[in-house]
Amino acid sequence: MTVLFPGSFDPFTLGHEDIVRRALKLFSKVVIAVGYNIDKKYMLTSESRAQLIKDLFKDEKRVEVIIYDGLTVDICREKGITSILRGVRSIRDFEYETSIDIINRTLYPEIETIILLTDPEYAPISSSVVREIVFHGGCVKKFMPEGISLEDYL
Ligand code: ADP
């Protein structure tokens, strides 16, 4: 079964990587869908965000990376996918994911959201914290997947 993991991934962090690697034990394929919203300001272009993830999973044939700009449920319908993967770090994340899940199931009743709880080690890591550190010239190596240098994608 294939699951779609949608997100901004600006940038993809160790926390995202952990969710994908754990999902690979549950699903035969993970499609990582890099969202593009014209009204949102990103640190990395959608191509760079996708390239970083492709480079990270270059040896994992069960991971596919796509860029999309519409509704998550529409891309799922298009690809015949009925499971969405999301990660949760806190009660706040949980509340947000609950509301999105209800909206998604209203739009596409066949869809189910699978939530994986963060590993406590990665709970404090977020793309926004990484962006903040980059903005102030700090080192983000410890928050990024091994072998990935964010500078290569900026
Ligand atoms: P979005 O803008 O759609 O929230 P993100 O790239 O910020 O996209 O996150 C994508 C998904 O990954 C979300 O479900 C988010 O909760 C989850 N996530 C982000 N960081 C972590 C982490 N450190 N541990 C577990 N899940 C995470």
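Predicted model: local features only at pLDDT ≥ 70, side-chain atom pairs only at ≥ 80, totals over all residues.
Entry 1: I began with where the ligand is placed, and found that the ligand sits in the largest pocket. I then looked up which elements give two or more residues to the shell around the ligand, and these are strand S1 (2–7), helix H1 (14–23), strand S4 (83–88) and helix H4 (91–107).

**Entry 2: the shell.** I listed 17 residues around the ligand, of which Ser8, Phe9, Gly87, Tyr122 and Ile125 come nearest. Sorted by class, the shell holds six nonpolar residues, six polar ones and five charged ones.

Entry 3: From Thr118 it is a polar side-chain atom that lies 2.9 Å from a nitrogen atom of the ligand, while for Arg89 an N or O atom in the side chain is 3.3 Å from a ligand nitrogen. I also looked up the ligand's area, and the protein buries 87% of the 550 Å² that the ligand exposes when taken alone.

**Entry 4: Lys41.** Turning to the chain itself, I located Lys41 in the loop between strand S2 (29–35) and helix H2 (46–56). Is Lys41 buried or exposed? Its relative accessible area is 80%, and the cut-off for exposed is over 50%, so I recorded Lys41 as exposed. Lastly I checked Lys41 against Lys58, which is 17 residues away along the chain, and the C-alpha atoms of the two are separated by 27 Å.

How values were computed
Residues numbered from 1 in each chain as written. Heavy atoms only, no water. Near = heavy atom within 4 Å. Polar contact = N/O pair within 3.5 Å; in protein donor to acceptor, adjacent residues only side chain to side chain. Areas by Shrake-Rupley, 256 points an atom, 1.4 Å probe, with all protein chains shown as cover. 1 Å grid on protein atoms, 1.4 Å probe; cavity = no way out; pocket = protein on both sides within 12 Å on 5 of 7 lines; lining within 4 Å. Sits in = over half its atoms within 2 Å of the grid points. Helix = DSSP H or I, 4+ residues; strand = E, 2+ residues; numbered from the N terminus. Nonpolar A, V, L, I, M, F, W, Y, C, P; charged D, E, K, R; others polar. Buried < 20%, exposed > 50% of the residue type's maximum accessible area, 1.4 Å probe, protein only.
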